[in-house]
Amino acid sequence: MKLPVRALVLFLLGFLLGCAFLAALTGIRSASVQPPAQEEAQALDREDTAALLSAAADAARFLRDRDYQALSAMVHPERGVTFTPYSSVDPEMDQNFSSEELAYAAENEKRYLWGYTDGRGSPIWMTIPEFMDSYIFSQDYTKAPQVAVDQVLISGNALENLTQAYPGCRFVEFSYPGIDPVMEGMDWCSLKLVFEPGETQWLLVGVIHSQWTI
């Protein structure tokens, strides 16, 4: 027995709508349930980031305490660690030290050329401890109000080329958006600690001081 045309059309329309609803429901369920591999990758990324933050906190504390022996144990055994006085990394000008050299920085009385002062262009001739006091840890970054991973929190007119200078690395920034309210943020400063992943730990490869520049 043949069904009337109208009944057949309604039957087919209902069937198609039902299929569409089931397909949409399946898609929603698929999107809400992540594959195990993706969940595992996200968990590993969280663990890596937590370890990176822990390493950066340790390095900041060693810099604050001028504990060069402890800090040297975190330095990359082949690349060493490079110190940058302002935001722009300059491989030809920035000073690089091996783990062994940094371990005895307190006893090293040699003055190095670290770059040139912002605005005046005077050469920065300092010992390692003097440079640490004047540039790298001029503020207590262990108490910085802002901390970020792989993100530049604040910048001025200096070139921010960290990611180009340190490909494949990650960094943690400790930042003071301002210190004296009268300065209205023109006295901001930050410290970026750059790490390369090692087999068992994050290895320190770069220390970058940033501040308001002319």
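Predicted model: local features only at pLDDT ≥ 70, side-chain atom pairs only at ≥ 80, totals over all residues.

Colleague: What share of the 214 residues in the protein is buried?
Modeller: Buried residues account for 36% of the 214. Buried here is under 20% relative accessible area, exposed is over 50% and partly exposed lies in between, with a 1.4 Å probe and protein chains only.

Colleague: What is the average pLDDT of the protein?
Modeller: The average is 87, and 82% of the residues score at least 70. pLDDT is the predictor's confidence in each residue, from 0 to 100.

Colleague: OK, on to the fold. How many helices and strands are there?
Modeller: Six helices and eight strands, in the order α-α-α-β-β-α-β-β-α-β-α-β-β-β from the N terminus. These are DSSP runs numbered from the N terminus: helices (H or I) of at least four residues, strands (E) of at least two.

Colleague: Which residues of helix H5 are buried?
Modeller: In H5 (residues 128-136) they are Ile 128, Phe 131, Met 132, Tyr 135 and Ile 136. Down the helix axis they fall within an arc of 105°, so they line one face of H5. The arc is that of the directions from the helix axis to the C-beta atoms.

Colleague: Which residues touch the most other members of the largest nonpolar core?
Modeller: Phe 83, Leu 102, Trp 114, Leu 193 and Phe 195, out of 39 residues. Helix H2 (residues 36-65) gives the largest share, seven residues. A second, separate core has eight residues, including Cys 169 and Val 205. A nonpolar core is a set of buried Ala, Val, Leu, Ile, Met, Phe, Trp, Tyr and Cys residues joined through side-chain atoms within 4.5 Å.

Colleague: Last one: is Asn 161 buried or exposed?
Modeller: Asn 161 counts as buried, because its relative accessibility is 13%. Asn 161 sits in the loop between strand E5 (146-149) and helix H6 (162-165). A polar atom of its side chain lies 2.8 Å from the backbone nitrogen of Val 89.

Terms used: Residues numbered from 1 in each chain as written. Heavy atoms only, no water. Polar contact = N/O pair within 3.5 Å; in protein donor to acceptor, adjacent residues only side chain to side chain.
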